[in-house]
Amino acid sequence: MPPLSPSVSEQLNKRLHEARADLLETVRSRTASDDDEAPAIGPLAHQGQSDDAPQSEMISHIEQHLAEHETALLREIEVAIGKLESGGAGICESCGCDIPEARLLATPTVRLCIACQEQLEKDQHTGRGPSM
Ligand SMILES: [Zn+2]
């Protein structure tokens with residue numbers, strides 16, 4: 001039995017595809033105005049070789065990080081779309097419980113239920129104190 005109602009599933013599908021199109025457009029427009037050599041997506045190949053970059057390359061270094069972040073986001077979107085298509089959307093990846101539809105609509109790429117997300121954030125903050 002699919003955990004999501006068809007209308008919610010449809011909304012999520014639409015928003016995820018829009019988010020993906022937006023993201024691709026953002027990356028494309030930035031890399032198009034940048035150097036021709038920069039690939040739109042493919043920052044993984046550049047990892048681990050910028051430690052001794054001169055300062056003039058700091059900007060492109062930052063750009064790489066942006067692209068990495070965006071690539072990660074794109075992957076999240078792809079995963080979410082895949083789960084929608086396979087019927088796995090709306091299920092917490094950690095505990096397997098249903099994720100509330102309101103939460104999914106607020107964050108279509110969400111993969112954890114609220115309890116697991118809070119636990120994850122607690123774990124991430126352990127030993128570092130409150131970050132805000
Ligand atoms: Zn959970």
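Donors are N, O and S atoms within 2.8 Å of the metal (3.2 Å for Na, K and Ca), and sites may look incomplete since water is not among the atoms. The model is predicted, with local features requiring pLDDT of at least 70 and side-chain atom pairs pLDDT 80 or more, whereas totals for chains, interfaces and linings use all residues. Residues are numbered from 1 along each chain as its sequence is written, and side-chain values use heavy atoms, without hydrogens and water.

Along the chain, the donors of the zinc ion are spaced as C-x2-C-x17-C-x2-C. Cys 95 is in the loop between α2 (58–86) and α3 (101–106) and Cys 116 is in helix α4 (residues 114–125), so this pair ties together parts 21 residues apart in sequence. Helices are DSSP runs of H or I with at least four residues, numbered from the N terminus. The SG atoms of Cys 92, Cys 95, Cys 113 and Cys 116 lie 2.2 to 2.3 Å from the zinc ion. The 4 donor atoms subtend angles of 103 to 115 degrees, so the arrangement is tetrahedral (four donors, all angles between 85 and 135 degrees). Cys 116 is buried at a relative accessible area of 14%, while Cys 95 is partly exposed at 46% (buried, under 20%; exposed, over 50%; partly exposed, in between; 1.4 Å probe, protein chains only).

Beyond neighbours within four places in sequence, Leu 104 is in contact (heavy atoms within 4.5 Å) with Leu 4, Leu 12, Gly 90, Ile 99 and Val 110.

Technical notes: Four donors count as tetrahedral if all angles lie between 85 and 135 degrees; four count as square planar and six as octahedral if opposite donors are over 155 degrees apart and all others between 65 and 115; anything else is irregular. Helices (H or I, at least four residues) and strands (E, at least two) are DSSP runs, numbered from the N terminus.
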